[in-house]
Amino acid sequence: MTDIVSKLEVLRDVYDPTELDLMLEKLLGITLSRQRARLARYEQDLRSFEERYHLDSATFSQQFEAGKLGDAMDFFEWMGLYTLRQDLVQKIQQLESVA
């Protein structure tokens, strides 16, 4: 992490603030676009589970965590995917707050 901070400090010292801001905006935009595409793939996979089991992912998560659904491999995959989606949504929100 220190290496990243050092690099950012060098860039801050070398570039005009406006130019650096433009570069960071572009990087944020690219990152946000990639994360949104990833989110769309996760949501498509989640829809597949939801249709197969006739249950929305939020309800599934609550029931799975409460131990009401058993331990089928599909359920562990679904829960992992749902958790990844939730984490990704938070990251996207962080990016959107500064983009």
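**Close-up 1. Helix 3 and helix 4 cross in a left-handed way.** Left-handed here means that the near helix is turned anticlockwise from the far one by less than a right angle (clockwise would be right-handed). This is a predicted model, where local features need pLDDT of at least 70 and side-chain atom pairs count only at pLDDT 80 or more, while totals for chains, interfaces and linings use all residues. Residues are numbered from 1 along each chain as its sequence is written, and side-chain values use heavy atoms, with hydrogens and water left out. The helices are DSSP runs (H or I, at least four residues), numbered from the N terminus. The axes of helix 3 and helix 4 come within 10 Å and cross at roughly 120°. That makes helix 3 oblique to helix 4 (under 35 degrees is roughly parallel, over 145 roughly antiparallel, 65 to 115 roughly perpendicular, and the rest oblique). Axes are lines fitted to C-alpha atoms over the stretch in contact, with angles from 0 to 180 degrees between N-to-C directions.

**Close-up 2. Helix 2 packs against helix 4.** Helix 2 (residues 17-53) meets helix 4 (residues 73-98) at about 150°, and their axes are 9 Å apart. So helix 2 is roughly antiparallel to helix 4. Helix 2 also passes helix 4 in a left-handed crossing.

**Close-up 3. Phenylalanine 49 and tryptophan 78 form a stacked pair.** Their ring centres are 5.5 Å apart, with 10° between the planes. Rings of Phe, Tyr and Trp (its six-membered ring) pair if their centres lie within 6.5 Å; planes under 30 degrees apart are stacked, over 60 edge-to-face, and the rest tilted. Phenylalanine 49 sits in helix 2 and tryptophan 78 in helix 4, so the pair ties together parts that are 29 residues apart in sequence. Both residues are buried (under 20% relative accessible area; exposed is over 50%, partly exposed in between; 1.4 Å probe, protein chains only). Phe49 and Trp78 belong to one aromatic cluster, along with Tyr53, Phe60, Phe64, Phe75 and Phe76.

**Close-up 4. The largest nonpolar core has 15 residues.** Such a core is a set of buried Ala, Val, Leu, Ile, Met, Phe, Trp, Tyr and Cys residues joined through side-chain atoms within 4.5 Å. Phe60 and Trp78 have the most contacts inside this core. Helix 2, helix 3 (57-65) and helix 4 each give two or more residues to this core, and helix 4 supplies the largest share, eight residues.

**Close-up 5. Aspartate 56 lies in the loop between helix 2 and helix 3.** Aspartate 56 counts as partly exposed, because its relative accessibility is 39%.
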